[in-house]
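Biologist: Could you walk me through this model slowly, as I am new to reading structures?

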Amino acid sequence: STRARMAAGVAAVALLVAGCTESVDEASGDFCSNLDTLEAELASLESLVVGDATLDDIDAQREVVRDAWDAAASSAGDLDEAVTAEADSAYDSYQDALGDIAGDATLTEAAPVYAAAAQAYLASLAGIAVDAGCETGS
């Protein structure tokens, strides 16, 4: 009957929508988890900079931050376009700030730039977490 086919069609659409919602929720969960990791790695970078780390230690942590960003960016594909654009922009601003450090800078010269870049990026990530619907512990 027509009613039976319509009911079956509605049920199929409901299953598809539920499946899509679940995958978006899962993608958002992956992004939020990766964002948490990125924030922790940035906080580690900031700690190194204000501590007694060497430039090599800081460079190594910058790579860890970059890898954490890559993971967050790759998991952001199913999120709202505005959120992914905001995340891209925040990372670009962070990279631009670090680009202001001269190649021959001493740790004393570079430390304030690293600290400011990390703090600004952490502030941006906090807003991105809210916009992405991530639960925040703070």
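Modeller: Let me begin with a term that we will need: when one helix passes another, the crossing is called left-handed if the near helix is turned anticlockwise from the far one by less than a right angle, and right-handed if it is turned clockwise. Please also keep in mind that what we are looking at is a predicted model.

Biologist: Which way does α2 pass α4, left-handed or right-handed?

Modeller: The crossing of α2 past α4 is left-handed. Helix α2 covers residues 55-74 and helix α4 covers residues 107-131, and the two pack at an angle of about 20 degrees with their axes 12 Å apart. Angles under 35 degrees count as roughly parallel, and therefore α2 and α4 are roughly parallel to each other.

Biologist: And which residues make that contact?

Modeller: On the α2 side they are Leu-55, Ile-58, Asp-59, Arg-62 and Trp-69, while α4 brings Leu-107, Tyr-114 and Tyr-121. Sorted by class, this contact of α2 with α4 holds six nonpolar residues, two charged ones and no polar ones.

Biologist: What about α2 and α3, what is their packing angle?

Modeller: Those two helices pack at about 165 degrees, and their axes are 12 Å apart. An angle over 145 counts as roughly antiparallel, so α2 is roughly antiparallel to α3. The crossing of α2 and α3 is left-handed.

Biologist: Which residues meet there?

Modeller: From α2 come Arg-62, Val-65, Arg-66 and Trp-69, and they meet Ala-87, Asp-88, Tyr-91, Tyr-94, Gln-95 and Leu-98 of α3. By class, the contact of α2 with α3 divides into six nonpolar, one polar and three charged residues.

Biologist: New topic: how many residues has the largest nonpolar core?

Modeller: That core has 36 residues, and those with the most contacts inside it are Phe-31, Leu-35, Leu-38, Leu-42, Tyr-94, Tyr-121 and Ile-128. At least two residues of this core come from each of α1 (2-50), α2, α3 (81-99) and α4. Helix α4 gives the most to it, with eleven residues.

Biologist: Take Leu-35, then; what does it touch?

Modeller: Leaving aside residues up to four places away in sequence, Leu-35 touches Ala-72, Leu-125, Ile-128, Ala-129 and Cys-134.

Biologist: And over the whole protein, what share of residues is buried?

Modeller: Buried residues make up 32% of the 138 residues. As for contacts with a separation of 6 or more, 75% of them join residues 24 or more positions apart.

Biologist: There's a proline, Pro-112; where is it found?

Modeller: Pro-112 is found in helix α4. With a relative accessible area of 52%, Pro-112 is exposed, because exposed means over 50%. The C-alpha atoms of Pro-112 and Glu-46 are separated by 9.7 Å, although these residues are 66 residues apart along the chain.

Biologist: Last one: is Asp-52 buried or exposed?

Modeller: Asp-52, which lies in the loop between α1 and α2, is exposed, with a relative accessible area of 75%. Its C-alpha atom is separated by 9.4 Å from that of Leu-107, a residue 55 residues apart from Asp-52 along the chain.

Notes. Residues numbered from 1 in each chain as written. Predicted model: local features only at pLDDT ≥ 70, side-chain atom pairs only at ≥ 80, totals over all residues. Heavy atoms only, no water. Axes fitted to C-alpha atoms, helices over the stretch in contact; angles between N-to-C directions. Helix = DSSP H or I, 4+ residues; strand = E, 2+ residues; numbered from the N terminus. Parallel < 35°, antiparallel > 145°, perpendicular 65-115°, else oblique. Contact = heavy atoms within 4.5 Å. Nonpolar A, V, L, I, M, F, W, Y, C, P; charged D, E, K, R; others polar. Buried < 20%, exposed > 50% of the residue type's maximum accessible area, 1.4 Å probe, protein only. Core = buried A, V, L, I, M, F, W, Y, C linked by side-chain atoms within 4.5 Å.
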